[in-house]
Amino acid sequence: MSIAIGEVVSVKGVNIVVELYEESNKETLFYNGKKFKGVSIQEHILIKRGFKDIVTRVQGEYLDERLQSESSEVYVRKVELKPIGFYHQEEFFEGIKHLPMIRDVAYLMNDQQVRKIYGDPDESFVVGEILKEELPISLPWASLFNTHIGVFGNTGSGKSNTLTNLYTTLFSNKLDRLNGKSHFLVVDFNGEYTGNQLVANSDYKKIYDLDTRNDDGDKFPLSESVFWDEEVLGILFKATENTQKPFLKRIVSGRDRYKDSINGLSVYTKKTITRALTSTSPKKEFAELVREISDIVGAHDLKNLALQLSWHSKNSNFYYKNINTVLNGGEDDPTYLNYFDDYVENIQVRQLSPFQELRLRVSLQLLSDLVSGYVQFDHIQPLLKRVDSSLISLQRVFSIGENPGSNFLTVVSLRKSSQEVKKVIPLLLAKYYYSSHKECVINESPPRKTFHMIIDEAHNILSMQSNRESESWKDYRLELFEEIIKEGRKFGFYLTLSSQRPADISATIMSQIHNFFIHRLVNDRDLLLLENSISTLDFLSRSMIPNLAKGCAVITGTSFDIPMVVQFKPLAKDYQPASGDVDLNELWKDHT
Ligand SMILES: Nc1ncnc2c1ncn2[C@@H]1O[C@H](COP(=O)(O)OP(=O)(O)OP(=O)(O)O)[C@@H](O)[C@H]1O
Ligand SMILES: [Mg+2]
């Protein structure tokens with residue numbers, strides 16, 4: 001049946017040593033018209049033990065000497081093997097269940113047998129070749145895409161290409177069968193997927209190229225009900241949990257209450273300003289807030305009046321400079337009635353964009369809360385500042401009013417977005433799609449729809465350390481993704497993450513990833529972390545990671561019986577992510 005190459009001479013634990021016959025030193029051998037690979041490191045060897053065929057992998061080899069007679073000694077070649085599984089009735093099972101005994105015979109394995117170990121070779125999901133055996137490898141897609149996937153490796157090691165390869169292969173094989181049942185979202189920090197990648201047919205693909213630098217970019221649609229939500233606003237403006245979130249909640253619930261009245265906002269504005277200017281215990285900030293509000297609603301006269309108010313800190317009241325008098329408070333205060341009332345009554349809030357309306361409501365709520373003594377100005381002011389500073393860029397990337405359609409594949413490119421927007425949008429997308437998907441499958445178990453969120457360069461949003469943001473915001477950000485990675489599977493919501501620094505990514509997230517595609521990685525900390533979070537990574541594959549070639553990855557995890565090293569096949573030029581290396585030969589060409 002096959003070529004016998006040696007005999008077992010030692011079994012210690014799972015370390016098996018086989019002494020090879022003399023003639024076993026060839027690279028390739030042919031037997032009965034079948035091709036066999038010779039014995040070298042990482043190669044597979046079969047050991048017959050009764051009716052079981054134990055599959056082992058070569059870990060190392062060495063020469064041993066043996067005394068033949070008194071004077072001459074010969075060297076024998078010995079190989080160290082580790083069992084990885086066994087064949088039972090032609091079928092491969094992974095895991096160490098059987099071990100050989102001394103004198104069992106070892107055989108070479110033919111291509112057919114090796115292929116069987118790495119999944120069914122007849123399947124069409126071929127993404128590349130096993131590095132050592134050079135056999136086309138078909139990934140078990142059915143058990144791969146219902147898991148969380150991590151793609152790791154140094155910059156330029158081929159992560160984006162691998163990601164693209166995986167999903168391009170999936171889509172090109174099964175597009176029709178996936179459509180309507182599964183949705184895919186790509187968060188693209190560097191605009192690598194805005195061309196032909198993944199799906200060439202533009203009917204299936206919706207690209208949002210968000211641009212915070214000017215008004216030319218696409219706008220991501222959010223329906224009113226999604227936008228006017230304290231959680232969403234909290235994400236957009238990085239609200240703190242204790243004071244700012246409840247503040248936003250009051251804004252949202254206040255708006256809901258008077259949503260149906262036509263003049264609701266005008267009435268609310270008038271009432272709030274009146275309350276502030278007739279307050280018997282006014283505060284310094286009132287004047288500024290009244291000015292802001294007047295500005296937003298276009299009440300220029302009132303704004304000018306408010307500019308004339310100066311704060312008298314000893315008496316704790318406002319001094320109206322124009323006519324040397326003070327605002328005493330109370331509804332029948334003559335100063336208010338004579339000089340302010342008419343202007344306040346004249347306020348008419350015109351149609352505002354959702355963002356302007358938000359800006360107005362923030363000021364109104366703050367003024368109203370201050371009048372009631374509900375909040376401290378200092379607690380809310382940072383939020384106000386953030387709203388002011390991010391309003392313009394958010395306006396450029398969102399259009400409020402429509403619902404994001406349910407496209408088969410959505411690509412959100414953040415290449416032209418500000419750092420600020422890069423941080424909030426992935427979170428917003430995750431939150432929005434996770435909750436709407438959950439809602440959609442809440443009564444189904446198992447879910448009949450799936451959602452796949454693909455984040456290239458995930459360290460941008462999943463990193464543990466960041467000096468630029470507050471602790472509470474970081475916690476919130478991580479918690480959301482931790483919830484998705486812990487709970488998402490039950491709802492059919494899966495993450496695919498790619499990153500250069502696995503060590504930077506939250507440990508909770510790393511530990512929940514099911515399947516890993518590890519490209520070249522050299523940093524010790526990253527490697528150590530991988531070793532700790534991947535139970536299935538063996539020593540030999542692990543030792544190869546720092547030296548892997550471009551597009552070559554160790555694949556391991558729950559969907560794969562044993563770790564394997566795969567060289568991904570390069571994609572056609574048109575379908576590669578826009579992340580190629582600069583060709584200096586071409587760039588620095590002598591044009592003379
Ligand atoms: N399977 C492959 N075969 C041959 N070349 C590849 C393969 N995969 C990637 N490359 C080449 O490697 C280079 C970098 O690839 P890629 O952009 O995918 O790396 P990356 O890991 O995503 O890098 P970064 O972390 O900077 O985003 C590209 O020039 C690409 O052409
Ligand atoms: Mg990349």
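Lys238 counts as buried, because it has 21 C-beta neighbours inside 10 Å and the cut-off for burial is 20 or more. The model is predicted. Its domain assignment gives three entries: domain 1 (4–117), domain 2 (141–223 + 402–579) and domain 3 (235–389).

**Domain layout**
- Domain 2 is written in two segments, 141–223 and 402–579.
- Domain 3 covers 235–389, and domain 1 covers 4–117.
- The centres of domain 1 and domain 3, taken over C-alpha atoms, are separated by 82 Å.

- Lys238 sits in the loop between helix 5 (230–236) and helix 6 (244–257).
- Phi of Lys238 is positive, about 50°, although the residue is not a glycine.
- Glu457 is a second case, with a positive phi near 60° in a residue other than glycine.
- The loop that holds Glu457 runs between strand 21 (450–455) and helix 14 (459–462).
- Is Glu457 buried or exposed? Glu457 is buried, because 21 other C-beta atoms lie within 10 Å.

**Helix 5 and what follows**
- Leu233 belongs to helix 5.
- Leu233 is buried, because 22 other C-beta atoms lie within 10 Å of its own.
- Leu233 and Lys245 are twelve residues apart along the chain, and their C-alpha atoms are separated by 8.6 Å.

**Helix 3: a kinked helix**
- Helix 3 (residues 159–178) spans only 24 Å between its end C-alpha atoms.
- A straight helix of 20 residues would span 28 Å at 1.5 Å a residue.
- Where is the kink in helix 3 centred? The kink is centred on Ser172 and amounts to about 55°.
- Gly180 follows helix 3 and has a positive phi, near 90°.

**Shell around ligand 1**
- The shell around ligand 1 has 17 residues.
- Gly158, Ser160, Asn161, Gly551 and Ser579 come nearest to ligand 1.
- Which element gives the most to this shell? Helix 3 does, with three residues.
- By class, the shell holds eleven polar, three nonpolar and three charged residues.

**Helix 7: at its expected length**
- Helix 7 (residues 264–277) has 14 residues.
- From its first C-alpha to its last, helix 7 reaches 20 Å, close to the 20 Å expected at 1.5 Å a residue.
- The buried residues of helix 7 include Leu265, Tyr268, Ile273, Ala276 and Leu277.
- Thr269, Lys270 and Thr272 in helix 7 are buried too.
- Cover for the buried residues of helix 7 includes helix 8 (285–297) and strand 18 (325–327).
- Helix 10 (334–345) and helix 11 (354–371) are also among the elements that cover them.

**Arg103: an exposed loop residue**
- Arg103 lies in the loop between strand 8 (91–94) and strand 9 (105–108).
- Arg103 counts as exposed, because it has 8 C-beta neighbours inside 10 Å and the cut-off for exposure is 12 or fewer.
- Leaving aside neighbours within four places in sequence, Arg103 is in contact with Glu7 and Val8.
- Arg103 and Ser10 are 93 residues apart in sequence, and 8.8 Å apart in space, C-alpha to C-alpha.

Note on methods: Residues numbered from 1 in each chain as written. Chains lettered and ligands numbered in written order. Predicted model: local features only at pLDDT ≥ 70, side-chain atom pairs only at ≥ 80, totals over all residues. Helix = DSSP H or I, 4+ residues; strand = E, 2+ residues; numbered from the N terminus. Expected span 1.5 Å × (residues − 1). Bend = angle between axes of the 7 residues up to and from the residue. Near = placed C-beta within 6 Å. Nonpolar A, V, L, I, M, F, W, Y, C, P; charged D, E, K, R; others polar. Domains from an automatic or database assignment. Contact = placed C-beta atoms within 7 Å.
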